[in-house]
Amino acid sequence: MEKEYDVIVVGAGPGGSWAAKIAAEIGLNVLLVEQQRSIGYSSNCAEGVGQRHIEEILGPVDKKYVSTEIKGLDVFFPDGTNASVNDRAYILDRPLFERHLATRAMDAGADILMRAKAKGFAKENGKAKLEILHSGEKFSLFANVVIAADGPNSNIGRLAGINVGIDNADWIYCQQYLLYSLELKDLDRAKIYIGNKYTPGGGYVWIFPKGNGLANVGIGMFDADRSIIAGYLDKFVNANFSKYGIMGISAGKIPGASIKAHSADNILLVGDAAREVNPLTGGGIRYAMLSGNFAARTAYNAIKNGDTSAEGLREYEKILWEKTGKEFDKLYKFTKFARALEDEKLNKLGRSLQGIDFSGISSFSFVAKLLYANPWLPFEYATYKIKN
Ligand SMILES: Cc1cc2nc3c(=O)[nH]c(=O)nc-3n(C[C@H](O)[C@H](O)[C@H](O)COP(=O)(O)OP(=O)(O)OC[C@H]3O[C@@H](n4cnc5c(N)ncnc54)[C@H](O)[C@@H]3O)c2cc1C
């Protein structure tokens, strides 16, 4: 089997399926390859997305792939002070959501190949050549542009010579329980707990309710050993629930820093593979889909112009920098600084946030409000920036 496509998308996560959908919709001949047997069932995720954010991308949301809708988010500081954000959000049913996105790609005209692992990337006669392992059979596929949406462990970007490495200290290592407890029955808001008491060195613990007494209860910590993370999560769960059952355990990692290049000859990186994740929140579903959209449109323009070299794909770098990169850069620097704050200072921040309405604001505006509300903070931050 040696076939040629305009675009081959590697990975049917939110970034890949959305890229395939957009690319097929605008007239490209698209193949989506996914290594798993079943779409969406390998993902580890707290499943939270802002209602406004996801609707901007998808239009009206079909409740079939939503576990529950929540009214907002409460952030708890180490001394118990809490700050509330009253933006509505969805807690998705991630497998159903991913299946929905893949079917949208197919409806738009994309082909899909499951149990197909992309193992090699090379350039041949101006095209990308992908080595595929599909149900024990090896073959090559060709494309003008490969969109690599192969997640945090992205190998395709690496094989194409893109430097996808980030410091170990910038990876957020996560462990999550699907928890059942009567104490979760009426919860209609997400909760986040920050501070060294919960996650020394930065990160946070989350409770994202899924309805019917279920919730994703998880922890994300920087550069930490899996057993240490699990220990902190267990400590939190035991301190906060008198009776509970663990219905599922998952683990994963989130890139907490950006990379410089997201493209090379015949290839564009999308989502976690491109390190397109909000460094403050660790949220990446929205950014995977946004970058998938930009990548599909860039591929279309490059193919139309007959130049799919790194130069022909350069507009992708400009779009990413404008739409997310600039903001991620600032958020990353602030988050890195904030990871080192002691609990007493975090408590001060918590107290300063009382009575402020955060509804509808971006992560960047949130940080700006924080700096404004705490006159000591810009000075400490500036000193930190000079030293680091
Ligand atoms: C514990 C945890 C909780 C999270 N919670 C949230 C949250 O609440 N909200 C949020 O917005 N984000 C959250 N995230 C981040 C979010 O899950 C990711 O940002 C998002 O999944 C990125 O989507 P993606 O399409 O880029 O990659 P992925 O979802 O990782 O999809 C990659 C796909 O590529 C496939 N693949 C990989 N390699 C190959 C290959 N060689 N060949 C073929 N297929 C391949 C994989 O099987 C997978 O299906 C969380 C992450 C973790 C770890």
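Modeller: The shell around the ligand consists of 40 residues, and the closest are Gly 11, Gly 13, Gly 151, Gly 271 and Gly 284; a residue counts as near the molecule if its C-beta atom, placed from the backbone, lies within 6 Å of it. This is a predicted model, in which local features need pLDDT of at least 70 and side-chain atom pairs count only at pLDDT 80 or more, while totals for chains, interfaces and linings use all residues. Residues are numbered from 1 along each chain as its sequence is written.

By class, the shell holds 15 nonpolar, 18 polar and seven charged residues. Here Ala, Val, Leu, Ile, Met, Phe, Trp, Tyr, Cys and Pro are nonpolar, Asp, Glu, Lys and Arg are charged, and the others, Gly among them, are polar. At least two shell residues come from each of helix H1 (14-25), strand E3 (48-50), strand E9 (116-124), strand E12 (171-180), strand E16 (245-255) and helix H6 (285-305). These elements are DSSP runs numbered from the N terminus, helices being H or I with at least four residues and strands being E with at least two.

The chain is divided into domain 1 (1-75 + 89-166 + 256-388) and domain 2 (76-88 + 168-255), with bounds from an automatic or database domain assignment. Each of the two domains supplies at least three residues to the shell around the ligand. Taken over C-alpha atoms, the centres of domain 1 and domain 2 are 23 Å apart. Their contact takes 39 residues from domain 1 and 43 residues from domain 2, two residues being in contact if their C-beta atoms, placed from the backbone, lie within 7 Å. On the side of domain 1 that touches domain 2, two or more residues come from each of E3, H2, E4, strand E5 (73-76), E7 and helix H8 (343-352). H8 gives the largest share of that side, six residues.

E3, which contributes to the shell, belongs to an open sheet of three strands in the order E3-E7-E4, with antiparallel pairing; strands pair if DSSP finds at least two bridges between them. E3 and strand E4 (66-70) stand at the edges with a single partner strand each, so one side of each has no neighbour in the sheet. The twist from one strand to the next averages 25°. E4 and strand E7 (residues 89-92) pair in the antiparallel sense over four bridges, and Val 66 stands opposite Leu 92 in E7. Helix H2 (residues 51-58) lies across E3 and E7, running at about 75° to E3. For such angles, axes are lines fitted to C-alpha atoms, for helices over the stretch in contact, and values run from 0 to 180 degrees between N-to-C directions.

E12 and E16, which also contribute to the shell, lie in an open sheet of seven strands with mixed pairing, ordered E6-E5-E13-E14-E15-E12-E16. Strand E6 (82-85) and E16 are its edges, each with a single partner strand, so one side of each is left without a neighbour in the sheet. E5 and strand E13 (residues 190-193) pair in the parallel sense over four bridges, and Asp 74 stands opposite Lys 191 in E13. Helix H5 (residues 226-240) lies across E12, E14, E15 and E16, at about 40° to E12.
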